[in-house]
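Thanks for coming, everyone. Let me put the structure up, and then I will walk through it.

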Amino acid sequence: MKTPYRKRRGIWIDLLLISTIALLGSAIVYLTVLNDEPIFQTEEQSAKDTPSNISEEKSSFPGVRIVTDISNDEQMPFAIQYPLTEHETFNNTVLSYINEAKDYYISMMRLQQNVHDLTGELNISLQTFAHEQYYSFVLTNKTILSNTEHETTVTTFLIDNKTGETFNMQTLLNHNEASLKSFANHVQSEMAKNPEFADALNKDKLVAATQPNWEAFERFALKEDTLVVYFNEGEIAPVEVGLPNVEISLSSINPLLASNFQIAMEAEDTTAPTQNTDPSHKRIALTFDDGPHPEVTKQILALLQKYEAKATFFMLGSRVQYYPSLVQEVRVAGHEIGNHTWTHPVLTKMSAAAIKKEYETTEQAIKAAIGQPSAFFRPPYGAINDSVRALIPRRSVNWTIDTLDWKHHDPAKLLPMIQKSLHNNAIVLMHDIHQSTADGLEPVLQYLQSEGYEFVTVSEVLPYY
Ligand code: NI
């Protein structure tokens, strides 16, 4: 009884639904045809009023494509260049920077257009540098909103193109705060010396901009042999000066760098036998300070050669200048050369400027003699503190065994002094300006060799400290 009644009502509802759907459908079709506008706006459609011409091309850097995005819009033209790599996460970081810059410019221009009829410009240009597999992309963003409102900024994007990982100053300096301090100091003094900006530089602002904070050194590029640090417009000099930057030679900061960023110091690798990195292997680093000396250093060189020994010579600039060919002879024989200042002063009692002069003049003399920088620094008398360390862009290395050869002048005492505190990877202090040291050296070499020690440079024992 109840079934037919229900059935009749069901038919009514069905009919109503069908006709409603039909009516809506035809209305949508009608509206679409008539308006020529889609009902749901797509993204391309919303960007329609800023038409641009995007092209992509290969670059001379493997794995890098360059994208150019240009709009010739009369009121808001732009020309944008940016890189794309084979690494998506990195590309997204670059793209979000680009989109943000573009959106800001376009929205600001639209806002202004309602008030005045102004012409702006957005120009983002790209420079690419490579240091092995490390790529640095430097984007210079010039945003002009009006005659009075314009800004130029630099943003750098850094990637290890092998792994796709980004790198920054922390990676470069191995997260070492002390290295950051030396680096910041070095950047500050190099910038102050930069003739291109010298007159315009605001010293106080420079000091503020080069405090040892990681954030202060976010913008840099790693080139083949140098590192470029960028500052923003107005940051350390008047806006008119443009974008100050300073180029730091990698060899001058080599000891501060994480090992994968260090540059190879030539000459050594070709002749030196492969290093024994077994920690139980016996090795000792003999060091000779205060030379070179035209006779004593030569005698020591001959003895070292006889025992196939390598050593490290911490030289005084004031002596290097007189015997450059002897310095070269030492280096060519495979020994390391360290910077021991020019006049052998107590650095901890000197002004920053005087300390730097001691180091730099000596460094120049060493470079002039051997065509490469010193490997290490040793402060006279071993006297060093944090402020001295911050001024010297080299690792400071003292000693673990003092032979007191400068005091006793007794060839017979050289070996017992070493035996007394002999240990593996020891760094032994001697002086190649005393005849007594040259005279007592052969028994030292004989004994240590018989004990199974390898005579190595300071670089080779430092990993064990
Ligand atoms: Ni000395």
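**Overview, sheet and metal site**

Start with contacts, meaning heavy atoms within 4.5 Å. Residues 24 or more positions apart account for 65% of the contacts in the protein with a separation of 6 or more.

A word on provenance. This is a predicted model, with local features needing pLDDT of at least 70 and side-chain atom pairs counting only at pLDDT 80 or more, while totals for chains, interfaces and linings use all residues. Residues are numbered from 1 along each chain as its sequence is written, and side-chain values use heavy atoms, with hydrogens and water left out.

Now the totals. The protein has 16 helices and 16 strands. Those are DSSP runs, numbered from the N terminus: helices are H or I with at least four residues, strands are E with at least two. Of the 465 residues, 43% are buried. Buried means under 20% relative accessible area, exposed over 50%, and partly exposed in between, with a 1.4 Å probe and protein chains only.

Six strands form an open sheet in the order β1-β2-β3-β4-β5-β6, with mixed pairing. Two strands pair if DSSP finds at least two bridges between them. The edges are β1 (53-58) and β6, each pairing on one side only. On average, neighbouring strands are turned by 20° against each other, direction ignored. β1 and β2 run antiparallel, joined by six bridges. There, Ile54 stands opposite Asp69 in β2.

Stay on β2, which also holds Thr68. Is Thr68 buried or exposed? Thr68 counts as buried, because its relative accessibility is 16%. Beyond its neighbours within four places in sequence, Thr68 contacts Asn53, Ile54, Ser55, Glu57, Ile80 and Gln81.

What lies across this sheet? Helix α3 lies across β2, β3, β4, β5 and β6, running at about 170° to β3. Axes are lines fitted to C-alpha atoms, for helices over the stretch in contact, and angles run from 0 to 180 degrees between N-to-C directions. α3 covers residues 88-113, 26 residues in total, and reaches 36 Å from first C-alpha to last, close to the 38 Å expected at 1.5 Å a residue. The expected span is 1.5 Å times one less than the number of residues. Its buried residues include Phe90, Val94, Tyr97, Ile98 and Tyr105. The buried residues of α3 pack against β2 (65-71), β3 (78-84), β4 (121-131), β5 (134-144) and β6 (150-160).

On to the metal. Which residues coordinate the nickel ion? Asp290 (OD), His340 (NE2) and His344 (NE2) do, at 2.1 to 2.2 Å. Asp290 sits in the loop between β10 (283-289) and α8 (296-306), and His344 in the loop between β12 (336-339) and α11 (352-370), 54 residues apart. The donor spacing in sequence is D-x49-H-x3-H. Asp290 and His344 are both buried. A caveat: donors are N, O and S atoms within 2.8 Å of the metal (3.2 Å for Na, K and Ca), and water is not among the atoms, so sites may look incomplete.

Finally, α11. Its 19 residues should span 27 Å at 1.5 Å a residue, and its end C-alpha atoms are 27 Å apart, which agrees. Among its buried residues are Ile355, Tyr359 and Ile366. Gly371 follows α11, with a positive phi near 70°.
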